[in-house]
Amino acid sequence: MKAVIQRVTSASVTVDDKVISSIGNGLCILIGITRGDTLADIKVKKILNIKVFENDNKKWSASVMDKQYEILCISQFTLYHVLKGNKLDFHRAMPAQESEPFYKNFLNELGKNYKPELIKDGIFGAMMQVSIQNNGPVTLEIESPIKPVKDSTEKLDKNDSAE
């Protein structure tokens with residue numbers, strides 16, 4: 001699992017010209033799920049406790065939970081892309097029929113460990129327009145350890161950097 005975390009002053013998701021979700025101060029989290037991810041790869045506590053917000057002394061020592069800020073999560077399979085020359089390949093991403101329940105489990109875990117009413121998301125699998133007002137800018141990435149995937153596409157990975 002890969003999480004690209006942005007500290008924001010606001011963020012929103014629009015689908016078919018309708019705003020689906022929006023937040024004020026908080027985190028916008030883009031979530032990528034790769035083949036082989038398991039429930040143990042969900043890094044909810046790390047995400048909730050990461051100190052990216054300033055305290056009264058302008059030091060980064062407060063988490064989203066400390067500040068009681070909102071979270072907007074967006075499922076984004078493109079985080080597990082491979083460039084083949086100039087062409088994109090997404091064989092590393094978990095297929096939608098498997099990743100949707102995994103993503104929903106991630107959202108549920110966030111809700112169990114924080115305030116569910118402060119957690120928003122987009123529509124899984126939809127074409128979304130995401131508006132992000134990055135604050136800082138601050139953008140961080142957290143990724144679970146890469147595990148070998150045993151399938152026919154594994155051989156392609158050895159040549160990824162050569163092209």
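A: A residue is called buried under 20% relative accessible area, exposed over 50% and partly exposed in between, with a 1.4 Å probe and protein chains only. The model is predicted, so local features need pLDDT of at least 70 and side-chain atom pairs pLDDT 80 or more, while totals for chains, interfaces and linings use all residues. Numbering starts from 1 along each chain as its sequence is written, and side-chain values use heavy atoms, without hydrogens and water.

The part to examine is strand E6 (70-75), where helices (H or I, at least four residues) and strands (E, at least two) are DSSP runs numbered from the N terminus. E6 is mostly covered, with 6 of its 6 residues buried: Glu70, Leu72 and Ile74 point one way from the strand, Ile71, Cys73 and Ser75 the other way. Strands pair if DSSP finds at least two bridges between them. Strand E3 (residues 26-32) runs parallel to E6 and is joined to it by 6 bridges, among them the one that makes Glu70 the partner of Gly26. Strand E9 (residues 119-121) also pairs with E6 in the parallel sense, over 3 bridges, and there Ile71 stands opposite Ile119.

Cys73, in E6, is buried at a relative accessible area of 0%, and Cys28 is buried as well, at 1%. A disulfide needs two cysteine sulfur atoms within 2.5 Å; the closest cysteine sulfur to that of Cys73 belongs to Cys28 and lies 8.0 Å away, which is too far for a bond. The count of disulfides accordingly comes to 0.

Turning to the aromatic rings, rings of Phe, Tyr and Trp (its six-membered ring) pair if their centres lie within 6.5 Å, and planes under 30 degrees apart count as stacked, over 60 as edge-to-face and the rest as tilted. The whole structure holds 3 such pairs. In one of them, Phe53 and Tyr69 have ring centres 5.0 Å apart and planes at 80 degrees, so the pair is edge-to-face. This pair links distant parts of the chain, 16 residues apart, with Phe53 in strand E4 (residues 53-54) and Tyr69 in the loop between helix H2 (64-67) and E6. Phe53 is buried at 5% relative accessibility, whereas Tyr69, at 23%, is partly exposed. Another edge-to-face pair joins Phe77 and Phe90, at 4.9 Å centre to centre and 75 degrees between the planes. Phe77 lies in the loop between E6 and strand E7 (82-84), and Phe90 in the loop between strand E8 (87-89) and helix H3 (96-113), 13 residues apart. Phe90 is partly exposed, at 29%.
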